[in-house]
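I opened my notebook to keep track of what I looked up in this structure. Here are my entries, in the order I made them.

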Amino acid sequence: MRYIFILIFSLFSPPVLGQGWEDQRLFSNGTSSQTLRILSNTDTRFFAPIIESFLATQPSLSIDYLVTGSADLYDIFRTSPAEFDVVISSAMDLQFKLANDGYALPLNDIVHPNWAQWRKSLFAFSTEPAAIVINRNAFKGILTPKSRQDLIEALRARPETFKDKIGTYDVRQSGLGYFFATQDARSSETYWRLTEVFGSLNARLYCCSGDMIDDLISGRIAVAYNVLGSYALGRTDAQSEIKVILPSNFPTTMMRSALVSRETRFPTAARAFIQHITDIQADGEKAAAFPLPPLDQTAKPLISLGPELMTYLDILKRRTFIQEWESAIIQ
Amino acid sequence: MIEVGQISGSLRKRLIITLIGGGAVLAVLIYLIVRTYATQIAQQGQDSILGASVTSILDAANLRKGDIEIDFPYASFSMLKTASDDRIFYAIYQDDKFLSGYERLAKMNPKTGTGSTFGNTIFKGANVRLASASRTLVGEGLRTELSITVAQTRDSLNGTLNRIGQNVALFGAGFFLLVIILAFWATSAAIAPLARLTSSITRRGPHDLSPVISPVPREMAPLVFSLNKLMGRLDQSLTRSEDFIAEAAHRVRTPLATVRSYAEAMLQRVEKEENRRAMRSMIRAVDESSRAAGQLLDHAMITFRVDNLDRRTVNLSELVTDLVIRLTPIAEMRDVQIKLEAGEAIQVSADVILIQNAIRNLIDNALKYAPQESVVDIVIVANPRPEISIKDEGTGFPNEEMHILANRFERGSNSESITGSGLGLTIAQDVAEAHGGRLSLSNQVKGGACVTFSF
Amino acid sequence: MKFLLVEDNQELARAICYRIESDGHVIDHAPKIRDALVFVEVGEYDLILLDVMLPDGDGRDFLRQHRAKNRATPVIVLTARSQVSDRISLLDLGADDYITKPFDHAELDARCRAVLRRKSGTAQPIKKLGDVAFNPIAGILTVSNIDVTLRNKELRLIETFMNAPGQIFSKQKLFDRLFSYSDDVSENAIEVYVGRLRKHLVGSQLRISTHRGLGYRLDHD
């Protein structure tokens, strides 16, 4: 629903999307003349410290930080690239397609490791695995699953306990969810078996990780699958309720990335912002002071930035995948 | 004095320019050929990957309930990964209906089953290489044509080509440099025999007209042949002129000598004063003619030689002493004494024959004009420059005529009674000037002429 | 003295022979090189007068052969060529002097005398007449053991007289002997030289007598 709403809305350009945003925050010291508009799918709390440290060095700037889901973000930006200066997203495939289709401004002088950037247009700045997050109470007396296989067995052993208690992304709505699902499916057959198990347990489908984690903490669901570990760990208030499990055989690890709109009004400021994030995140020690996980080349298997990311964005491929997914999860 | 003639270009320059020009053309040609070839190979590399990508997508297609389903593998795109992070675009068409990918990507119409077709186009502001292939799918009562186009920017290719281009350009430049060095070397090697010939001819003395015998390259043989022929002709003509002069002298003098001897014999027999005077005049006329002939021929010889001085180191004192010995009998005839004051050996670089002739003429003159039983003083000094002064005790030069005496056939007004042609001073002056010196005439305070021949 | 003249021009040869014989010398005439070679084989000569251009060859060839046989007889070349280079080559070939045709007999006489003076050394002929000795080559007159070096004209005058003592020589004859035709002097100049010679002969057995209208004569007491 929201997807369509935003599409319609964005036709009335310039879009004033105030009420459409999941979150919006203006960082300003009041004297600023330029306002950098950052379109992001990352929760504001993860970015606030970085933005503040950036503004400390750039007093003449202010930043309008706009948050929306990764799929919406992709559509909004494609519709009006001139409205935004920086785009940040965890959906690597969508970010890659934006860059591939020429929406990104190449920043040739940014110093960044080659494996974490593409065409000097798309800059990855964090390494984050998708995790299985469980509610500790629900798993009392049960062996904590270490892998997807463990999880399948645990769920199959107690269908009555986990009926309606499983949460995962609605891949039709969430760009990141679709990305994780396709990467999972590509890596292992286990994904489809797991999805079938989820379907048989009448899994709840979420658009966003925030809602999913909220429900997990409240005990409404016992397992949240493919949630970003960083998000779950970020909820420091609820660490006694939930537990983050990185699947031991192959945690799907993505890189959050940023690009500067080709039509940005403030290329210098936008460039400086990208330089700022990459400086912090590429340096483990600096990154430790900030909430986002740093870039880590040793994380395996790492999804690399490359044209193959566009594979599952193909309409035919997506249609086939969604069909299969639906037939597995909606029973 | 020596004309070089018109100079039109330089053989060395022409050779070097031709060689370097050829080298440059060759270097450019090498550059273009290697670059073109490298481009082809690099393009083939990109094409084969694009083709493979297209094929892998086509292979993944199948018909399910009349719908086309293409579950193409991840590798279809991952194989297109390049070092330069090239952008990729693709389009999938069923018959002419756009199915998926980038709709505006130009669709090529490949023939079914003949592999991929390739082409270049501009898409989203970038130069791209594209590959297309199609496949016919046959289902239940359905026959449809599926065509796939995959395109990729050419950054990596261009990077490779630039690298190759740079290397080839470097190679071409190196080659060109080598050609330049070789051109200079080859040119000097080719010119060397010419330079050797030139220096061997330049080093020759003025009268060395012998043919060139040192070996020369075949191409120069006609030149040397012509040169030898020319020198032969010149030698012959010089010898002939010298012979001619000698022959002329002989032909003129022998009959004069005969006439003189007849006249002399006649004089012995004639008693009448009138007749005797006539005979004497006749003899004197003979003497004068013979002397004039001699000086004319000498002058001709001198004119002939001054253009080509055969300079050698000459001991001036020795030369003059020798001349004095030769002339002493003539001096004695009139009881004239020749006093020679010569210091140590005085060396000058001069043409011996010319100097002898000039000094002989000067002493001869002095002896002629000196009165009976007088003294002719000859003084040779070395400093400040070699100089020979000849003084007699005669009447001296008429002051008003001093400046014209050295002119051809000009004789002093006081010389009626003395045989002479008027060429003696001219000869001496010509010789002095040919040696960069001068002849100066003056009269001594105590009387008598003084002629100074200086170098 | 004995001379050899190698000259093909008959007239010139005759004139030269006449003059030389007048000077009291003996002279043989060879018109060709071949003849000259025969002459030098047979006779001893004090001086050779050699023409360069001869009908049967070049005088220089004769000179070369002559010198090759180590003969020291002095040679004066008579040449119609005046070229300095020719003269030099002649001297190089061993000629002692050269004279260019046509020449004044006085010059030939002077050159012969100069060559003989250089060449014959001590073996010089001395003519004696009474108590007077005369060396015609060196030009020395010895009167009562006192040597007097004569000037050229005096020398030629005494030579003429001593070759024919007792003969009267006309002024004209003496003039022809003494002066070259290019000398612009009158015949009366003879008197000056006769006067000088008389002075040299004072106190000797010789004297020169004047014969009015006829000329002069050398008398021996």
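**Entry 1: chain C.** I began with contacts in chain C between residues at least 6 apart in sequence, and 53% of them join residues at least 24 apart. Two residues are in contact if their C-beta atoms, placed from the backbone, lie within 7 Å. I am reading a predicted model, where local features need pLDDT of at least 70, side-chain atom pairs count only at pLDDT 80 or more, and totals for chains, interfaces and linings use all residues. Residues are numbered from 1 along each chain as its sequence is written, while chains are lettered from A and ligands numbered from 1 in the order in which they are written.

Next I looked up the secondary structure of chain C and found 8 helices and 14 strands. Helices (H or I, at least four residues) and strands (E, at least two) are DSSP runs, numbered from the N terminus. How much of chain C is buried? Of its 221 residues, 43% count as buried. A residue is buried if 20 or more other C-beta atoms lie within 10 Å of its own, exposed if 12 or fewer, and partly exposed in between, with C-beta atoms placed from the backbone.

**Entry 2: chain A.** Chain A has 13 helices and 11 strands. Its 331 residues are 47% buried. For contacts in chain A between residues at least 6 apart in sequence, 79% join residues at least 24 apart.

**Entry 3: the cores.** A nonpolar core is a set of buried Ala, Val, Leu, Ile, Met, Phe, Trp, Tyr and Cys residues joined through C-beta atoms within 7 Å. Which members of the largest core touch the most others? I found A:Val86 and A:Val133, in a core of 126 residues. Strand S6 (residues 122-135) of chain A gives this core its largest share, 9 residues. I then listed the partners of A:Val86, leaving aside neighbours within four places in sequence: A:Leu36, A:Ile38, A:Ala258, A:Val260, A:Ala270 and A:Phe273. Apart from that core lies another, of 85 residues, and B:Tyr369 and B:Leu423 are among them. I noted a general point too: in soluble globular proteins, nonpolar side chains tend to be buried together.

**Entry 4: a helix pair in chain B.** I looked at helix H7 (residues 352-369) and helix H8 (residues 424-434) of chain B, whose axes come within 9 Å and cross at roughly 145°. Axes are lines fitted to C-alpha atoms, for helices over the stretch in contact, and angles run from 0 to 180 degrees between N-to-C directions. By class, the contact of H7(B) with H8(B) has 9 nonpolar, 4 polar and 1 charged residues. Here Ala, Val, Leu, Ile, Met, Phe, Trp, Tyr, Cys and Pro count as nonpolar, Asp, Glu, Lys and Arg as charged, and the others, Gly among them, as polar.

Entry 5: Helix H4 (residues 221-269) of chain B has 49 residues, which should span 72 Å at 1.5 Å a residue, and its end C-alpha atoms are 71 Å apart, which agrees. The expected span is 1.5 Å times one less than the number of residues. Among the buried residues of H4(B) I found B:Ile245, B:Val252, B:Arg253 and B:Glu264.

**Entry 6: where chains meet.** The contact of chain C with chain B takes 31 residues from chain C and 39 residues from chain B. H5(C) gives the most to the chain C side, with 6 residues. That side divides into 11 nonpolar, 10 polar and 10 charged residues.

Entry 7: I found a cis peptide bond joining B:Asn383 and B:Pro384, with omega about 0°. B:Pro384 lies in the loop between strand S11 (375-381) and strand S12 (387-391) of chain B. The bond from C:Lys101 to C:Pro102 is also cis, with omega near -10°.

A:Lys120 is not a glycine, although its phi is positive, about 55°. Is A:Lys120 buried or partly exposed? It counts as partly exposed, because it has 17 C-beta neighbours inside 10 Å. B:Asp95 has a positive phi as well, near 50°. B:Asp95 is exposed, since 11 other C-beta atoms lie within 10 Å.
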